Amino acid sequence: MIKTPHISAPDGAFAKTVLMPGDPLRAKFIAETFLEDAKLITSVRNVLGYTGTYKGVPVTTMASGMGMPSIGIYSWELFTGCGVENIIRVGSAGSYREWLKVMDVTLAESAVSESSFALVQGGVTDKKLLPSPTLNATIQQKAKELGIKLKMSTVHSSDVFYSDPSQGTWKDIAERTGSDCVEMESFALFHNANTLHKHAACLLTISDSFVTKTELTAEERQNSFTEMMHLALEAAIAL
């Protein structure tokens, strides 16, 4: 039996590759929509994880929750206690750029953050962290084969969703960080993967734009990111 402080699952329940949305209901949607014979393998704290097969290959999808501390916990335990080698974050992001529009799919070529996560966890002072070159190359190749327009971006991983206006506008933040969009998890995921010599990537669908002031509903975020999910699954079985 696999038992960590936050995961409880049968031995061998996890595939080597995990698709990791933030929302537990998005993990459920991926399992029910794309995987064959999907089984719920962990539900501690209602953070749902499922394993099934995609085109005959075992794949797990499991939620990370919101923010760097949450994905930091789950990715660490998956990498160290569950036999997982690869995590592909499949999430949503807010766009800082005109060229990055709502419903566009973007792959993080780096994550920048003012977070202390990497410093506190492992003494790493870098403010820009990189994903796995192997995973990114696989995702890019699959996007090309599938005819999916994939935009590369620098992702801002923020610790704060509601910031005080005194800290600057979104334009100030974009300029200060040199980033193209914002989410709240990939910096911690990349740090854990790099520290543990594992593989991680961050594939995002733009859910709202600071530039155009357009945004998706919560239900649309949960259920409509199928192009990104399809791409992530195709990459997962190619690894």
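## Helix 1

At the start of helix 1, the backbone nitrogen of Leu25 has a side-chain oxygen of Asp23 within 2.9 Å. Helix 1 covers residues 24–34; helices here are DSSP runs of H or I with at least four residues, numbered from the N terminus. The model is predicted, so local features need pLDDT of at least 70 and side-chain atom pairs count only at pLDDT 80 or more, while totals for chains, interfaces and linings use all residues. Residues are numbered from 1 along each chain as its sequence is written, and side-chain values use heavy atoms, with hydrogens and water left out.

The buried residues of helix 1 include Arg26, Phe29, Ile30 and Phe34. Buried means under 20% relative accessible area, exposed means over 50%, and partly exposed lies in between, with a 1.4 Å probe and protein chains only.

## Helix 4 and helix 8

Two packed helices are described by the angle between their axes and the distance between the axes. For helix 4 and helix 8 (residues 226–238), the angle is about 120° and the axes are 9 Å apart. Axes are lines fitted to C-alpha atoms, for helices over the stretch in contact, and angles run from 0 to 180 degrees between N-to-C directions. Helix 4 and helix 8 are therefore oblique to each other: angles under 35 degrees count as roughly parallel, over 145 as roughly antiparallel, 65 to 115 as roughly perpendicular, and the rest as oblique.

On the helix 4 side, the meeting residues include Thr138, Ile139 and Leu146; on the helix 8 side they include His230, Ala235 and Ala238. Thr138 lies in helix 4 (residues 133–146) and counts as buried because its relative accessibility is 16%. Apart from neighbours within four places in sequence, Thr138 is in contact (heavy atoms within 4.5 Å) with Ala235, Ala238 and Leu239.

## Helix 2 and helix 6

Helix 2 (residues 68–81) packs against helix 6 (residues 186–196) at an angle of about 30°, with the axes 8 Å apart. Helix 2 is therefore roughly parallel to helix 6. Among the residues making the contact are Met68, Trp76 and Phe79 of helix 2, and Phe187, Asn192 and Leu196 of helix 6.

## Cysteines

How many disulfides does a search of the whole structure find? The search finds zero; a disulfide is a pair of cysteine sulfur atoms within 2.5 Å. The closest cysteine sulfur to that of Cys181 is in Cys202, 7.7 Å away, which is too far for a bond. Cys181 is buried, with a relative accessible area of 0%. Cys82 is also buried, at 7%.

Methods:
Helices (H or I, at least four residues) and strands (E, at least two) are DSSP runs, numbered from the N terminus. A polar contact is a pair of N or O atoms within 3.5 Å; within protein, one must be able to donate a hydrogen and the other to accept it, and residues adjacent in sequence count only if both atoms are side-chain atoms.
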